[in-house]
Amino acid sequence: MTREEVFERLNKVFREVFDDTEIVVGEKTTSNDIEDWDSFEHINLVVAVEEEFSFKIPMGRVVTMENVGEMVDIILELGK
Amino acid sequence: MTVTSFYFLVFIVIGAAIYYIVPKKVQWLILLGLSFVFYYFSAVPYTIIYLLLSTLIAYITTIAIEKYRDKRTNIAVIACTAIIFNIVIWFLLKGNSFWSHGVLLIEKTFPSVHFNMSVLHLTAAFGMGYYTAQVIGYILDCYWEISKPQKNPFKLFLFVCFFPQLTVGPISKYSQLECLYREHRFSYKNICFGSQRILWGMFKKLVVSDRIAIITTAIWADTISYSGVWPWIAVFLYPIQLYGDFSGCVDIILGTAEIFDIKLPENFNNPFKSCSVQEFWQRWHITLGTWAKDYVYYPVLKSKYLISIGKWSKKHFTKRIAKLIPWTLGMGVLWLVMGIWHGSVRHIAGVSLWYWGILVLGEFFGSVFKNMVEYLNIKSESYSWVLLQRIRTYAIFSAGSVFFAAESFRDALFRYQTLFASIKNLNPWTLFDGTVIRLGVTWGDVNIIILGIFLLHKIDTLREKEGMAREWMQKQIVVFRWGAWISLFFLVLIYGLYGPGYEASQFIYQGF
């Protein structure tokens with residue numbers, strides 16, 4: 001799985017979770033860039049990502065994740 | 001030894017002198033020694049064994065978690081046992097209001113049953129709520145591999161008992177306090193900035209908060225003489241009193257730590273600027289909120305039960321409602337834990353239930369409210385609208401604080417009853433007829449309170465805009481800078497309310 005492919009699938013997940021077809025995420029996208037991305041939606045997002053990529057993200061990574069770039073790193077690391 | 005006492009200032013001066021003289025490698029040992037001295041003079045000395053016990057549990061279990069992580073041992077069981085141990089110790093010593101009534105009821109109902117209640121007479125450790133929260137956070141951080149376990153038990157003990165934060169927090173994460181073990185160079189800027197922050201904290205507590213406390217206490221002590229508008233004044237003044245007290249103490253603590261070149265996390269960020277209750281709780285007691293979010297709210301939301309409820313809701317309700325159901329439950333657990341941490345049923349039933357209810361109502365009817373604003377063509381960006389929202393948030397917090405400020409559940413209900421009854425005979429003219437003098441303050445005190453509230457507002461706004469009000473001050477011309485600090489110093493010295501032996505009254509949040 002390439003980084004670009006992960007971003008493509010992530011965009012789909014973000015659009016579904018935030019109910020917004022316009023969302024395009026990048027390496028530096030954070031919760032400040034998406035209006036509805038609060039602590040509750042953060043977990044919704046993590047659960048949706050876990051379903052999309054079929055693995056569990058450890059709690060430690062969920063708490064410390066700072067931007068979408070880091071999320072992609074985790075997906076590439078755990079999806080091997 | 002309270003942190004507003006003269007002895008504490010002497011203690012800091014001597015402590016900082018030793019700290020910067022000794023070789024840098026042993027600086028953390030000086031902090032540990034100072035923490036012991038502070039504990040000895042501030043609490044019942046033997047209760048330090050509870051801190052030692054918590055540290056020991058955390059030390060052994062986190063080392064075990066690391067050792068058995070890759071083996072087939074269930075490390076979750078080890079982490080859970082350690083957390084439960086800490087909660088049980090806290091529950092027995094600090095949360096006795098939860099179980100003592102139950103035990104008495106059982107003894108009354110079944111006369112043949114008798115419990116040995118000697119635990120009731122044991123004194124809880126100083127700052128138990130704060131350090132227990134830190135220890136639980138540390139165990140989970142190690143379990144989740146956010147932090148590496150501390151191999152030196154004495155260094156871990158310093159994380160638990162670091163002296164400034166035992167009074168009222170902040171609740172730090174282990175990663176935020178790893179700086180305790182580093183080498184620290186003497187810096188004139190740290191000493192200046194730390195002292196300035198201590199002075200500002202003293203002003204908030206001794207000049208503003210304690211002065212307001214005279215008024216609010218006198219009103220609630222005699223609601224017959226002070227009826228009409230007065231109970232309402234007490235209710236609306238209390239948030240400022242609490243803010244001055246709590247954030248003032250936090251300023252002293254953060255300033256003290258700064259003198260030792262330790263940066264503790266901030267606990268407040270201009271809370272009365274909040275336009276919603278949700279925003280308010282992101283600006284008020286931030287470290288408790290972050291702790292509850294990371295170690296309670298996230299794990300609950302990510303548990304298989306809540307995920308299943310979320311999936312079930314998606315099948316049976318609209319997308320919006322389906323999201324609100326697990327959110328409401330998650331928030332319920334978060335507020336329940338916050339209520340329990342405050343240590344009484346009154347806090348759970350009054351304070352927690354109140355905010356949880358307001359937040360849930362806000363989420364469920366948020367879209368209706370939004371549509372109404374659009375329909376009425378209200379300019380939501382306008383200052384007047386923002387101000388109205390801030391006043392609304394302040395009023396909600398004031399109403400919730402009645403339960404917090406009351407001495408018991410019954411007292412809280414009495415206060416609400418008094419408030420509603422007093423609407424019938426509002427007497428605003430008594431504000432100017434000298435009634436205020438009978439409350440135990442002078443017109444001069446009233447003016448100082450008004451000036452204090454004005455300064456609090458200005459400094460908080462400046463801090464939010466500039467990052468640090470003291471940095472802004474540093475850029476000003478020398479006459480202004482020194483003039484301002486000297487004035488503040490004399491304001492605290494002359495107008496600070498000192499009790500017998502120059503010991504100020506206790507801090508409201510010191511009891512947790």
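Modeller: Let's start with a term: a residue is buried if 20 or more other C-beta atoms, placed from the backbone, lie within 10 Å of its own, exposed if 12 or fewer, and partly exposed in between. Of the 80 residues of chain A, 21% count as buried, while in chain B buried residues make up 38% of the 512 residues. This is a predicted model, where local features need pLDDT of at least 70 and side-chain atom pairs count only at pLDDT 80 or more, while totals for chains, interfaces and linings use all residues. Residues are numbered from 1 along each chain as its sequence is written, and chains are lettered from A and ligands numbered from 1 in the order in which they are written.

Colleague: What makes B:Ile89 count as buried?

Modeller: B:Ile89 has 20 C-beta neighbours inside 10 Å, so it counts as buried. You'll find B:Ile89 in helix H4 (residues 75-93) of chain B. Leaving out residues up to four places away in sequence, B:Ile89 touches B:Tyr50, B:Leu53 and B:Ser54. B:Tyr50 is 39 residues from B:Ile89 along the chain, yet their C-alpha atoms are separated by 8.0 Å.

Colleague: And how do you know what touches what?

Modeller: Two residues are in contact if their C-beta atoms, placed from the backbone, lie within 7 Å. By that test, 12 residues of chain A are in contact with 14 residues of chain B. On the chain A side, helix H2 (39-53) and helix H3 (59-64) are the elements that give two or more residues. That side has 8 nonpolar, 3 polar and 1 charged residues. Here Ala, Val, Leu, Ile, Met, Phe, Trp, Tyr, Cys and Pro count as nonpolar, Asp, Glu, Lys and Arg as charged, and the others, Gly among them, as polar.

Colleague: How many helices and strands does chain A come to?

Modeller: Chain A has 4 helices and 0 strands, in the order α-α-α-α along the sequence. Helices (H or I, at least four residues) and strands (E, at least two) are DSSP runs, numbered from the N terminus.

Colleague: Why is H4(B) called roughly antiparallel to H6(B)?

Modeller: Their axes come within 10 Å and cross at roughly 175°. That angle makes H4(B) roughly antiparallel to H6(B), because angles over 145 degrees count as roughly antiparallel, under 35 as roughly parallel, 65 to 115 as roughly perpendicular and the rest as oblique. The axes are lines fitted to C-alpha atoms, for helices over the stretch in contact, and angles run from 0 to 180 degrees between N-to-C directions. The residues of this helix contact divide into 12 nonpolar, 2 polar and no charged, including B:Ile83 and B:Trp90 in H4(B), and B:Ile136 and B:Tyr143 in H6(B).

Colleague: Which domains does the assignment give for chain B?

Modeller: Domain 1 (6-189) and domain 2 (269-405); the bounds come from an automatic or database domain assignment. 13 residues of domain 1 of chain B are in contact with 8 residues of domain 2 of chain B. H6(B) gives the most to the domain 1 side, with 5 residues.

Colleague: Are A:Asp19 and B:Asp261 buried or exposed, and what makes them so?

Modeller: A:Asp19 is exposed, because it has 11 other C-beta atoms within 10 Å. B:Asp261 has 21 C-beta neighbours inside 10 Å, so it counts as buried. A:Asp19 has a positive phi of about 55° although it is not a glycine, and phi of B:Asp261 is near 65°, also positive.

Colleague: What kind of peptide bond runs from B:Gly169 to B:Pro170?

Modeller: A cis one, with omega near 5°. B:Pro170 sits in the loop between helix H7 (153-161) and helix H8 (174-177) of chain B.
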